[in-house]
Amino acid sequence: MPSPESGTERLRCVSLCAALVCGIASGLPVASAGVYGLVVGIDGYEHLNPLNGAVNDARDIRDALEGMAARDVRLLLDGEATREAVFRHWEELALLAGAGDVLVFHFAGHGGRQVATLRDGHEAKDNMFLLAGFRNAGEGALQRIVDNEIGHMLASEEEATVVFVADSCFAGGMVRSMEDRLRGGVRTAGVHLADADDAVSQRVRALGEVDESRLGRVIWIYGQDENKVTQEIPIDGQVRGALSHVFSRALRGEADADGDGSLDVRELKLFVNKGVSRLTERRQRPHVNAGSGDLSIRLAARGAAGAGGVDVPTLRIHYPDARPPAGLEGTTEVRDARLADLLYSGADRKLVYRTGDTVAAFDAGDDARELSLKLQGAVDKWRLLEMLAGLASSDDPQVDLAGGDGVYTEGEQVDFRILSASDRTALLFNLAYDGTVQLLSGSGGIRLRAGRPLNFRARVQEPFGADHLVAITTGDASPALLGTILEADGTRQGAELARELAATLDGTAFGVNWVGLFTSDGGDGQ
């Protein structure tokens, strides 16, 4: 755990085309808009490694659109998603959508990169969607859609607001190494089409660069920087992409923070950024871009974000070899590691989170009783974090690691940065790898001033795993909230703390955020 030492022009798309981005943007039109959708999900690749969650994503988005009383949603799964089918269905839907309508194009599947076809263009690489029949040679090489083509496709719709959602990735690495036993699908594939001169390349050259002024009605939703991979993770008992899952929830009304029945740019941005980042422990950070910031989307039903009860969640756990000495409360066992929120390996006494991060490594010298207590504490910690995510009325303040979200090794200095948009009182506490609660902010809390960052320094020391610095903010100091955390200080009673916090904060406007500090002894960091 860390030991405190002292306190003290429009986004350019990074993934697809000139202004093409795998990006979420600001919102959609208003009033009685008609909704149309072209939704693509590919798990079953003929020549590439298969995925596990893209079809689930496509169905989630389809269901969300139909819940908005969409007039026409076209769903293309696996082999149905040919190049010809994508363009044909898009052209048909574009003819149906008119002024004030919303036309959604969603893709979940593999992405890839190749040397840019337009050598005098502004990008050195072409980004592309890879369709089910893609391969690096022969006719299969034609089963790709290049960013340039997508840009022209979206620009061809001149009346409706276009929402482009790409739950894919094109290149890059990971912020932290991933435990192989929980390695889900990774939505990027090797493309080796250097100097390709086929029908697709010829069409790209014929189309030329996209006129960015024609993309002013496009809303971009993308879930990852081009320098990081997009991984699939278990969500609600199925493998999914975090971006698609969070966006489908937004369309169902969960992002409607003020309950006015529509989503504006700020609501969508905050909801997607927070949701994706938390589901992936900051491995994946979505980006937001839009042609206009005053767009909004009218929902079929109203609902405030975060509504839905305060039960402490039950987590799915997988045991690859042996179960722990005692049963773990708040868990249910699953046989498929891909569906697990947690994996516990009895052989090396490690607890692994669904993102593939090793979040706790227990001492081989711990007897059965101590191991069980620590393991239960670690499980309850993750239950507490999941409950807090659904309970808070906002995610203010911002909490970050100045050095990024990698793995920190013993003796390294770590700088935390806490920033609030308004004057707030913050209570800070650490959740150690085994769930031990450690109050850090003192008995009166810390007063945050709007726009003034608070820097907090720590140094990495044993035990190693995943610590989380949690900040809960209220308008004024809350004696009841402080008392609740003080009572838990030094204990591993995460589940009980979750219930007490839910009762204490019930009806209170508060914000909560946290950042994970992943540590090791230097042998397995990256």
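Modeller: A residue counts as buried when its relative accessible area is under 20%, as exposed when it is over 50%, and as partly exposed in between (1.4 Å probe, protein chains only). The model is predicted, so that local features need pLDDT of at least 70 and side-chain atom pairs count only at pLDDT 80 or more, whereas totals for chains, interfaces and linings use all residues. Residues are numbered from 1 along each chain as its sequence is written, and side-chain values use heavy atoms, leaving out hydrogens and water.

Colleague: What percentage of the 526 residues in the protein is made up of buried residues?

Modeller: The secondary structure comes to nine helices and 28 strands, taken as DSSP runs numbered from the N terminus (H or I over at least four residues for helices, E over at least two for strands). Across the 526 residues of this protein, buried residues make up 57%.

Colleague: How many residues of helix α3 are buried?

Modeller: Helix α3 runs through residues 147-155 and is mostly covered. Its buried residues are D147, N148, E149, I150, G151, H152, M153, L154 and A155. Out of nine residues in α3, the number buried is therefore, by the cut-off of under 20%, nine.

Colleague: Are the rings of F164 and W220 stacked or edge-to-face?

Modeller: The structure holds nine aromatic pairs, where rings of Phe, Tyr and Trp (its six-membered ring) pair if their centres lie within 6.5 Å, and planes under 30 degrees apart count as stacked, over 60 as edge-to-face and the rest as tilted. In the pair of F164 and W220 the centres are 5.5 Å apart and the planes stand at 80 degrees, so the arrangement is edge-to-face.

Colleague: How many residues apart in sequence are the parts that F164 and W220 tie together?

Modeller: Both residues are buried, with a relative accessible area of 0% for F164 and also 0% for W220. Ring pairs link F164 and W220 with W90, F105, F107 and F129 into a cluster. F164 lies in strand β8 (residues 161-167) and W220 in strand β9 (residues 218-222), so the separation in sequence of the parts they tie together is 56 residues.

Colleague: In which helix does W382, the partner of Y353, lie?

Modeller: At 3% relative accessibility Y353 counts as buried, and W382 also counts as buried at 2%. Y353 and W382 form a stacked aromatic pair, at 4.1 Å centre to centre with 20 degrees between the planes. Y353 belongs to strand β18 (residues 350-353), so the pair ties this strand to a part 29 residues away in sequence, where W382 lies in residues 368-391, helix α7.

Colleague: How far apart are the axes of helix α8 and helix α9?

Modeller: Axes are lines fitted to C-alpha atoms, for helices over the stretch in contact, and angles run from 0 to 180 degrees between N-to-C directions. Helix α8 (residues 479-488) and helix α9 (residues 494-505) pack at an angle of about 170 degrees, with their axes 10 Å apart. Contact, meaning heavy atoms within 4.5 Å, is made by A480, L481, T484, I485 and A488 of α8 and by L497, E500, L501, T504 and L505 of α9. The distance between the axes of the two helices is 10 Å.

Colleague: How far apart in space are F429 and H468, C-alpha to C-alpha?

Modeller: F429 is found in strand β23 (residues 424-431) and is buried, with a relative accessible area of 0%. Leaving aside neighbours within four places in sequence, F429 is in contact with V437, Q438, L439, L440, H468, L469, V470, I472 and I485. Although F429 and H468 are 39 residues apart in sequence, their C-alpha to C-alpha distance is 8.3 Å.
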